[in-house]
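The following paragraphs lead the reader through the structure shown here.

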Amino acid sequence: MGKTAGGFQSCLHYMFDYETPKTLVIPNLWVGFVFRFTQFLVVLYVVGYVCVVEKAYQVTDSVVSSVTTKVKGFAFTNTSDRDPQFWDVADYVIPPQGDNSFFVLTNMVVTPLQTQSRCPELPSPSSTCVDDCDCIEGYNDPRGNGIRTGLCENASTTVQTCEVLSWCPLEIDKLPEHALLAAAENFTVLIKNSITYPKFNFHKRNILSHVNSSYLKRCEFNRATDPDCPIFRLKRIVSEAGEEFEDMAVKGGIVGIIIDWSCDLDWWARKCYPKYSFRRLDSKHPVNNVAPGYNFRFAKYYKTQDGEETRTLIKAYGIRFDVIVFGTAGKFGIVPTIVHLGAALSFLSLIPMVVDWFMLTCVRKRDLYSRHKVTYLNEDAVTESVSMGTSYGTQ
Amino acid sequence: MGKTAGGFQSCLHYMFDYETPKTLVIPNLWVGFVFRFTQFLVVLYVVGYVCVVEKAYQVTDSVVSSVTTKVKGFAFTNTSDRDPQFWDVADYVIPPQGDNSFFVLTNMVVTPLQTQSRCPELPSPSSTCVDDCDCIEGYNDPRGNGIRTGLCENASTTVQTCEVLSWCPLEIDKLPEHALLAAAENFTVLIKNSITYPKFNFHKRNILSHVNSSYLKRCEFNRATDPDCPIFRLKRIVSEAGEEFEDMAVKGGIVGIIIDWSCDLDWWARKCYPKYSFRRLDSKHPVNNVAPGYNFRFAKYYKTQDGEETRTLIKAYGIRFDVIVFGTAGKFGIVPTIVHLGAALSFLSLIPMVVDWFMLTCVRKRDLYSRHKVTYLNEDAVTESVSMGTSYGTQ
Amino acid sequence: MGKTAGGFQSCLHYMFDYETPKTLVIPNLWVGFVFRFTQFLVVLYVVGYVCVVEKAYQVTDSVVSSVTTKVKGFAFTNTSDRDPQFWDVADYVIPPQGDNSFFVLTNMVVTPLQTQSRCPELPSPSSTCVDDCDCIEGYNDPRGNGIRTGLCENASTTVQTCEVLSWCPLEIDKLPEHALLAAAENFTVLIKNSITYPKFNFHKRNILSHVNSSYLKRCEFNRATDPDCPIFRLKRIVSEAGEEFEDMAVKGGIVGIIIDWSCDLDWWARKCYPKYSFRRLDSKHPVNNVAPGYNFRFAKYYKTQDGEETRTLIKAYGIRFDVIVFGTAGKFGIVPTIVHLGAALSFLSLIPMVVDWFMLTCVRKRDLYSRHKVTYLNEDAVTESVSMGTSYGTQ
């Protein structure tokens, strides 16, 4: 046996000698039962909770979405304070283009024929005046409506207010008590939603494959009878959000049309349908709120015959519908599976520690088991003799 | 040795005595090989799959994005049924402000000079009538165009239909067979996209740092030659989405411009470029579809000399381009690394169980190994004698 | 003892015999200390880093958000090149409806009274001509402003350019050096933000519950004194983004109002407040940039008395404010807790391997420990004799 061969053999021994723990088999039914039962609990947790309930073996991805909306319906209004008017989509949907947020006008304050000129302020504690000295020229009152000219003018037969440079006549912000376009509750909206889970290259639309064109022309969403129809009556949306359309139409508000695309994309569970829900997003409580409801101002600009610009100012109240799409898809992935199996195995490998502790403290024959399982190395006494079951003395 | 000192020493022993399993070294090449090979497989999986392929050692974050778009181009249309017209950006991009969704008008149905008045309905099975009795006053036919007045009028020389109160004349919804603004295919769009990964405080724009101003003035996106140019010709976008621009321009549609910002932000792999792809988002199949294509109605309001409001109703067909930005960035994180290493270690600690099983069932000398490795504690027989290799008898 | 009973008993033994490793206790203080210290480090990492710093025991969810914005303020402009004009919200916020992105106009180039007609091009190297031969009829110069008619006309007294068919007069794209509406810096914006974490069914608004209506009417966001007020002065937003409002107002830009809703939803840490920050999103560097700033063109259409359509083209410069909402909420979850505990346990189970190695190589009495711990099975020699501490000879 040369030196090199010996070195190689030693290295081979080092690499391929298999070191395995010596074990002691204890035929104690209680200990064995505790062991198996604890193992069973861990396996049950892994299979039951991690795999079935939480689906932790899955890789997940977030939805990427594109939404189109199209409102349909018309109405006729005939109130005492306004000319009779016929309304169609081009009149009440602002902006006209339906993407994931659309606004349906239900009430309005119109101030026609405004021009850039001078007029007395609306009466308020900060704008009333006695003579011109009360009105500082160029002052810009944040609660006012224009730049002061320095004059004090008659706002009505009884009150004098500072004159301002502004779009005159000023807007009289008095909202009608009843919604002008309460009939909007019968309008319908078609929502087309196309989603993608990029990680899984999965595409789907909310118009499902079993739905045909003729059904789509007459259907209307109903959670019980037509859960797959993508056409929603506005009244139903608002009522499912827990509100009354008539009330909400007066001051406006924001309603979320929430589409949940949470999906299990594994082949043994290929159910991926949109789930619709509706929720009011703004607060209707007047306590910690400013400007409750939803409104915005816009203007239509005209030119008079002599070239002067005039505008019709419209304060539009209405319901903004936000289509909110979210969802997480899961699909079997090797990495999360391994991680969760690994974690479970850690707990399985913890069990012997627990059972050993149980065996050496709670079982009647613990001394016997301890004597056979554990060897105390008495460093002082031993040199070559094997101490087995006899080294307790000094402790 | 006092009592306290003894108690302290005992406690010290309890704390610092090290308990280690007794092991048996088996110089069997097969067993050793199986052991090392299994270890090697696990390590290979961890290094190869978890680290290199899945990058599971990384913390991830989702992109936060802001998009600006600007369309450029003009066209001249001269068809038999319309006045010749010159189109520029302010005419065909609706709404004019370019954010992450922009619409290019390609076809339209124009109904000019509508006023609030009365006119006979368009002929259809539900609107034709013989005399006034067929038309219920105030009836609001969802498939009709207005509120019935109760009269039956001549719609043409041959047909009588119910008169309605509406914006008259009614829109004749007949789409030209050829796209009016098919020339839009040569328009270009500049997309500016600025992204953030908030968790890593990482900001980037799609105009990369090596791109200069003069290049941007003349370049055009081309997957092969100019992959970094953020200026796209509409025709190319649509053709990469697998469609013909001319066909799509007739009835409109929605095309997604998808920007994938998936990035590896570790310093040893700092490549973070946007990847562009294009996909049609609406369905062109007429089977399970309602209102295929993409269109919306809007109106331009005018005032006549005598103050009456008149409008031009436009049903606009065109292509909506949705810029969809998504991405996940990963960066080395201590927690996921630990978790995945831990999972791998669990499997490593599982290996001895497997190898023991292999050794005690498949190897020729299994009885020998078993006898040395495993001690059966025979509770009945033993009191003090160590049973080793002799307790099989009763089994 | 029948055969079946024996088989059953054997099976019972197989199921419930508990196999536990034989262990050796080593009363060496150094080894014990190394063992306990390493354990302590791992436990410290788990408790300190994983639980306290990274909160890895939590399940996370991404925010779903809805935003409303409302700008307030007015201004008066009186410059030499324009008529004096009063501006209110309906004039400078485009589009008027406040969702998560709003635009405040600060500068503009107005080209009034454009009609579809013919006019000479703006002078530039590519448009100047000597006679009609230089102008190809129907040619569509991408850098020009219309379709060439084939004529060469006097653009001014000194220059001749090709005539084009376009909206004439052509826009003269000369931006005023000073922002027209620099006073916009004093406008304020109210941002209402309502968020949801769908996985936890958690809803919250940025108007916190302790804020009342009267405070909201007068407050203004200030990081030091009013961090909860959702009303922001535009000047402050821009200056916190590190920019000067006056500079930015000239050419426009994009500013992100970033709302971070990162939350810890466990009951022992129920702090969930929005954190506001501001950042410029476009690049102001002219080097690798095209069309710096932010602008878009839109037109107001009018009809002249004789029915001809005329438009006022407006190139609007201004600041677009993008409200970007992001956030991740975490809540205690059993699965991530188990996974991270499992990973930590794996490391704990790794410690004995490390300590064994330390004990068998670094400690003075390593030979003694090795002899008692490890048994080498000498396959050649042994048949029935137990080799213990005597099988080193052949190595």
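In chain C, strand β3 and strand β18 (residues 328-332) run antiparallel to each other and are joined by five bridges. Strands here are DSSP runs of E with at least two residues, helices are runs of H or I with at least four, and both are numbered from the N terminus; two strands count as paired if DSSP finds at least two bridges between them. One position shows the pairing directly: Asp61(C) has Ala329(C) in β18(C) as its bridge partner. The two strands belong to an open sheet of three strands in chain C, ordered β3-β18-β14, with mixed pairing. Its edges are β3 (58-62) and β14 (263-264) of chain C, each of which pairs on one side only.

The model is predicted: local features need pLDDT of at least 70 and side-chain atom pairs count only at pLDDT 80 or more, whereas totals for chains, interfaces and linings use all residues. Residues are numbered from 1 along each chain as its sequence is written, chains are lettered from A and ligands numbered from 1 in the order in which they are written, and side-chain values use heavy atoms, with hydrogens and water left out.

Strand pairing also links chain A to chain B. Strand β1 (residues 18-21) of chain A pairs with strand β2 (residues 23-26) of chain B in the antiparallel sense, over four bridges. Within this pair, Pro21(A) lies opposite Thr23(B) in β2(B).

How many residues of each chain are in contact between chain A and chain B? Chain A contributes 70 residues and chain B contributes 85, where contact means heavy atoms within 4.5 Å. About 6700 Å² is buried between the two chains, 59% of it from carbon and sulfur atoms; buried area is the accessible area (1.4 Å probe) that two parts lose on being put together, summed over both. On the side of chain A, Tyr18(A), Phe74(A) and Gln97(A) lose the most area to chain B, together 12% of what that side buries.

Three salt bridges are counted between chain A and chain B, each a side-chain nitrogen of Lys or Arg within 4 Å of a carboxyl oxygen of Asp or Glu. In one salt bridge, the side chains of Lys300(A) and Glu309(B) meet at 3.7 Å, N to O. Helix α7 (residues 334-361) of chain A supplies eight residues, the largest share of the side of chain A that touches chain B.
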